[in-house]
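Here's a quick briefing to read alongside the model. Have the sequence and the 3D view open as you go.

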Amino acid sequence: MKVRLLLGVLLAFLLILAGCNKETDTAQHKKEKTKEGKIKIVEEKSYTLVDSITHDHVLSYSAVIKNESDKTLNVNDTTIKYVNKTGKVIDPHIIPNDPDVHLAPYILKPGEEGYISAEGIINKEPDTYDVKVKINPIKPASHVKRLKVKEDAMNQGKENHILHITGTATNNTKQPIEYILVGAAVYGKHNEFIGTTFQSEEAQLTPGKSISFDSTSSQIPDKELAKVKKYKVVASTYQE
């Protein structure tokens, strides 16, 4: 009887220990999973403006995001919704239903930053609104290659109010590339974030060859553009 009792106590202890280990393993797994897929929005800005050419009411959104995980992640599955103060998506006639979202780069290595530019057209100027951003990072099937940027400069069109970040991108990889993505973030005198620019372009470049780029934004109000003093720009490509 004593032997059975002792075995029963030992078995109960082992079951409790196994349960504790399972909880610990589950918690550790959740922690690792969270770390693996963590993308942080470092800076963001949104604006309401009227297009100077089409006179449409435009909602624009810019952000700087950072991969704070220890894995290379693809953030191309990013969606943005503009919602009113009750949480409903603004205007059923928004064009498109999901505002255009541009990311450069959209594959981020650990510690790297990427730039988001997004805009949507609505029928009328909105009341108070908020921006809901959903980033679904996934493990990429391809690898990002940063290209060497030279002769970069910033300027603003006097007539069309478009901000330009220009320069040349050089294929400093060992393989031919077929396209480039250029993203930039612009800042004010005191490093306050103002917005982003974007460009994507087909570029058949063999190793060592260069191409000029013009990364632009027409979705930043003039009063904010007047504050722009600094910028960061990155050019990239992706290879299978």
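Accessible areas here come from the Shrake-Rupley method with a 1.4 Å probe. On that basis, the chain's accessible surface comes to about 14,500 Å², and carbon and sulfur atoms account for 52% of it. Keep in mind that this is a predicted model.

**The chain overall**
- You're looking at two helices and 14 strands.
- Of the 240 residues in the chain, 39% are buried.
- Take the contacts between residues at least 6 apart in sequence: 73% of them join residues at least 24 apart.

**Strand E10 and its partners**
- E10 covers residues 163–170 and is mostly tucked away, with seven of its eight residues buried.
- Strand E9 (residues 143–156) pairs with E10 in the antiparallel sense, over seven bridges.
- Within that pairing, Ile 165 of E10 has Met 154 standing opposite.
- E10 also pairs with strand E13 (residues 210–217), again in the antiparallel sense, over eight bridges.
- Here Thr 170 has Ser 210 of E13 as its bridge partner.

- Val 83 sits in strand E4, which spans residues 78–84.
- Why is Val 83 counted as buried? Because its relative accessibility is 5%, and buried means under 20%.
- Setting aside neighbours within four places in sequence, Val 83 is in contact with Lys 88, Val 89, Ile 90, Thr 128, Tyr 129, Asp 130 and Lys 132.
- One of those contacts, Thr 128, is 45 residues from Val 83 in sequence, with 8.8 Å between their C-alpha atoms.

Methods
Residues numbered from 1 in each chain as written. Predicted model: local features only at pLDDT ≥ 70, side-chain atom pairs only at ≥ 80, totals over all residues. Heavy atoms only, no water. Buried < 20%, exposed > 50% of the residue type's maximum accessible area, 1.4 Å probe, protein only. Helix = DSSP H or I, 4+ residues; strand = E, 2+ residues; numbered from the N terminus. Pairing = 2+ DSSP bridges. Contact = heavy atoms within 4.5 Å.
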